[in-house]
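Please keep the sequence and the structure in view while reading.

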Amino acid sequence: MFHYTTIATLLALMFYFYTSVNVARARMLYGVKAPAISGHPDFERVFRVQANTLEWLPIFLPSLWLFAYYLSDAFAAALGGVWIIGRVMYMIGYADAAPKRGAGFAVQMVAAAALWGGSVYGVVHQMLGK
């Protein structure tokens, strides 16, 4: 069973849900009517946090689960936690000013790259029977 990876997945999805709710709040606060995605700069930054998180989920989630399956549930979940922390840092930085999003982006990118790289290693290792 992959209990730790399940928890990391649920936390990542909870974070994504939170960013989606933030977009709805920002629409009301800044008067940006759907389907518009531009308007007040503060709304646009909130929207980009949600959109960028969605853009990374197809990289993050399969890599998280493949890593857990082929290498380690606990280590996959730990890297998943780092990814979520990076996304939170990204959200906080970006909400303040666009140039402040870099550190959080770097943290989540490194975590996602480690998950993907570990997944590739695990798959190849398994295929070669080593």
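**Overall fold**

The model is predicted. Its secondary structure comes to four helices and zero strands, and the order from the N terminus is α-α-α-α. Along the principal axes, the C-alpha atoms fill a box of roughly 60 × 25 × 20 Å. The chain has 130 residues, of which 38% count as buried. Among contacts between residues at least 6 apart in sequence, 66% join residues at least 24 apart.

In soluble globular proteins, nonpolar side chains tend to be buried together. The largest nonpolar core of this chain has 18 residues, and those touching the most other members are Leu57, Phe60, Leu64, Ala76, Trp83 and Leu115. Helices H1, H2 (41-70), H3 (73-96) and H4 (102-127) each give two or more residues to this core. H2 supplies the largest share, with seven residues.

Beyond its neighbours within four places in sequence, Leu115 is in contact with Phe60, Ser63, Leu64, Phe67, Ala76, Leu79 and Gly80.

**The pair H2 and H4**

Two packed helices are described by the angle between their axes and the distance between the axes. For H2 and H4, the axes come within 8 Å and cross at roughly 40°. The crossing of H2 past H4 is left-handed. On the H2 side, the contact is made by Asn52, Trp56, Phe60, Ser63, Leu64, Leu66, Phe67 and Tyr70. The residues of H4 in this contact include Phe105, Met109, Ala112, Leu115, Trp116, Gly118, Ser119 and Val123. By class, the residues of the contact divide into 13 nonpolar, seven polar and no charged.

Phe67, one of the H2 residues in this contact, has a relative accessibility of 5% and therefore counts as buried. Outside the four places on either side in sequence, Phe67 is in contact with Ser72, Phe75, Ala76, Leu79, Ala114, Leu115, Gly118 and Ser119. Phe67 and Thr5 are 62 residues apart along the chain, and their C-alpha atoms are separated by 9.5 Å.

**Two threonines in H1**

Is Thr5 buried or exposed? Thr5 lies in helix H1, which covers residues 3-30, and counts as buried because its relative accessibility is 0%, where the cut-off is under 20%. The side chain of Thr5 is joined to that of Asp73 by a polar contact of 2.6 Å. Not counting residues up to four places away in sequence, Thr5 touches Leu64, Trp65, Ala68, Asp73, Ala76 and Ala77.

Thr19 is also found in helix H1. At 1% relative accessibility, Thr19 counts as buried. A polar atom of the Thr19 side chain lies 2.7 Å from the backbone oxygen of Tyr16. With neighbours within four places in sequence left aside, Thr19 is in contact with Val49, Gln50, Thr53 and Met91.

**The loop between H1 and H2**

Gly31 lies in the loop between H1 and H2, and its relative accessibility of 48% makes it partly exposed. From C-alpha to C-alpha, Gly31 and Phe43 are 9.0 Å apart in space, and they are twelve residues apart in sequence.

Where is the peptide bond that is cis? The bond runs from Ala34 to Pro35, with omega near 15°.

**A residue of H3, and accessibilities side by side**

Val88 lies in helix H3. The table sets out the accessibility of Val88 with that of other residues described here.

| Residue | Relative accessibility | Class |
|---|---|---|
| Thr5 | 0% | buried |
| Thr19 | 1% | buried |
| Phe67 | 5% | buried |
| Val88 | 30% | partly exposed |
| Gly31 | 48% | partly exposed |

Methods
Residues numbered from 1 in each chain as written. Predicted model: local features only at pLDDT ≥ 70, side-chain atom pairs only at ≥ 80, totals over all residues. Heavy atoms only, no water. Buried < 20%, exposed > 50% of the residue type's maximum accessible area, 1.4 Å probe, protein only. Polar contact = N/O pair within 3.5 Å; in protein donor to acceptor, adjacent residues only side chain to side chain. Contact = heavy atoms within 4.5 Å. Core = buried A, V, L, I, M, F, W, Y, C linked by side-chain atoms within 4.5 Å. Axes fitted to C-alpha atoms, helices over the stretch in contact; angles between N-to-C directions. Left-handed = near helix turned anticlockwise from the far one by under 90°. Nonpolar A, V, L, I, M, F, W, Y, C, P; charged D, E, K, R; others polar.
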